[in-house]
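Q: I would like to go through this model with you, one topic at a time. Could we begin with the side chains?

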Amino acid sequence: MINAGKAAGDRSSVHPSSAAVQLSNTPDSCDEVVPLDVLADLAPQLADETRRVQENLDRRMADRQLVRELAASDFTGPRYRRFEEELARYGLSVLHGWMYTGFIFHLTAARGFPLHPSDAELEELSGDVDARDELAIMTVALALLHFREKALIGQGWRFEAGAGLATYFMGTCLSVFPNELRKRRNQHKRWRLQDTGDPALSRRQQDVISDPGVLAVGNIRVWEYLKRVDERTRAILALTIDGYSQEEIAQLLGTSVRAVEGVLHRWRNREKANQQWGGEPDGKP
C-alpha cells in the first residue's frame, strides 16, 4: 500500500482541506454544527468517514461566509488582495508537490488532457525547483484571474457542490496547466532550433542523458501499486488515499461524485476477486 502523503509530493501541509486560505472561520448563525464528540459512539471506520464529512462541511460553511464577506467589496480591495495572496501561496505549494512526483500528469490525463511527459521533462520537474517555480507561477497567475471571474463573480463555486474554495481553485489550476506546459515546450523548441548553429551548445545538448533511472526512487515506489490501472482510476485512487473526499475528487477531475463512486466501487470489487483467486488487476476502470 502506498504512503498516503506521497502521491502529491508528501503534501500533508497543503491538502485542499487546509484552512490556509480562510480569512473567517465563523459560520452563519443559522447553521447548526454537529459536535465532534458524537464520534465517540461510532465504530472506528465509521468515525473516520464521519470526521472527514464534518470537516468538509465546516470548511465549506466557512468558505460560504468568506465569499459573502468578499462580495460585499465586489471582490476588490485590501481584504480580497490578502485572500488572493494566501490562495496563490497555497496553489504554488500544491503545484510544486504535484510536479515533483509527476502526479500532475495523472490528474490532467484524468480530466481528459493527456500531456505525455518525456523522461527529460519528468526528470527536470523532479530535480529543478526553478523549472517547477516557472510553471507554477504562470499557472497560478492565470488561474487566479479565471477563479475570480468564474468561481466568485460568476458564482461558479457553490456551497452545495461539496468542495471548498481551495479545492475549486486547484481544479482551475489543473485546467490552466496544460496550456502553460505546451507554451513552455514550444519556447524550449524554439531555443533548441536557435542553438543548433552554435557547435558548443550542440555538443553540450548531446551530453544530456534522458534516463528513467534517474527519477526519484520515492516517485517510482508511489506509483508501483497503481501502475496497472488506467489514468482516471489511478488519479481517483491516489487522491482517495491522500484523504480527498469524493466531492473534492469530482471537482479536481471535472467529473461527478457518482462517477467517482462508480470507479471506486468497481475497483474494490476487482481487488476482492483478485485476492480471492490470486489474480492480477486487469487495469480496467
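Q: Is tyrosine 80 buried or exposed?
A: This is a predicted model. In it, tyrosine 80 counts as buried, because its relative accessibility is 4% and the cut-off for buried is under 20%.

Q: How many aromatic pairs does the structure hold?
A: There are six aromatic pairs. One of them joins phenylalanine 75 and tyrosine 80, with ring centres 6.2 Å apart and planes at 75 degrees.

Q: Why is that pair edge-to-face?
A: The planes of phenylalanine 75 and tyrosine 80 are at 75 degrees, so the pair is edge-to-face, since angles over 60 fall into that class. Phenylalanine 75 also counts as buried, at 8% relative accessibility.

Q: Which residues do ring pairs link into a cluster?
A: The cluster consists of Phe75, Tyr80 and Phe83.

Q: And what is the geometry between phenylalanine 147 and phenylalanine 169?
A: Those two rings form an edge-to-face pair, 5.5 Å from centre to centre with 85 degrees between the planes. Phenylalanine 147 belongs to helix α5 (residues 129–153) and phenylalanine 169 to helix α6 (residues 165–195), so the pair ties together parts 22 residues apart in sequence.

Q: Are phenylalanine 147 and phenylalanine 169 buried or exposed?
A: Phenylalanine 147 counts as buried at 1% relative accessibility, and phenylalanine 169 counts as buried at 0%.

Q: Changing topic: what sits over the ring of phenylalanine 159?
A: The charged end of arginine 60 does, 4.8 Å from the ring centre. Arginine 64 also lies over the face of phenylalanine 159, at 4.2 Å from the ring centre.

Q: What about the backbone; what is phi of histidine 116?
A: Phi of histidine 116 is near 45 degrees, which is a positive value in a residue other than glycine. Histidine 116 is found in the loop between α3 and α4 (119–127), and histidine 116 is exposed, with a relative accessible area of 65%.

Q: And where does glutamine 155 lie?
A: Glutamine 155 is in the loop between α5 and α6. Its phi is near 60 degrees, again a positive value in a residue other than glycine. Glutamine 155 is exposed, with a relative accessible area of 62%.

Q: Last topic: where is threonine 108 placed, and what is it in contact with beyond its sequence neighbours?
A: Threonine 108 is in helix α3 (residues 103–110). Leaving aside neighbours within four places in sequence, threonine 108 is in contact with Phe113, Pro114, Leu115, Leu174, Phe177 and Pro178. Threonine 108 is buried, with a relative accessible area of 0%.

Note on methods:
Residues are numbered from 1 along each chain as its sequence is written. This is a predicted model: local features need pLDDT of at least 70, side-chain atom pairs count only at pLDDT 80 or more; totals for chains, interfaces and linings use all residues. Side-chain values use heavy atoms; hydrogens and water are left out. Helices (H or I, at least four residues) and strands (E, at least two) are DSSP runs, numbered from the N terminus. Buried means under 20% relative accessible area, exposed over 50%, partly exposed in between (1.4 Å probe, protein chains only). Contact means heavy atoms within 4.5 Å. Rings of Phe, Tyr and Trp (its six-membered ring) pair if their centres lie within 6.5 Å; planes under 30 degrees apart count as stacked, over 60 as edge-to-face and the rest as tilted. A charge sits over a ring if NZ of Lys or CZ of Arg is within 6 Å of the ring centre and within 35 degrees of the ring normal.
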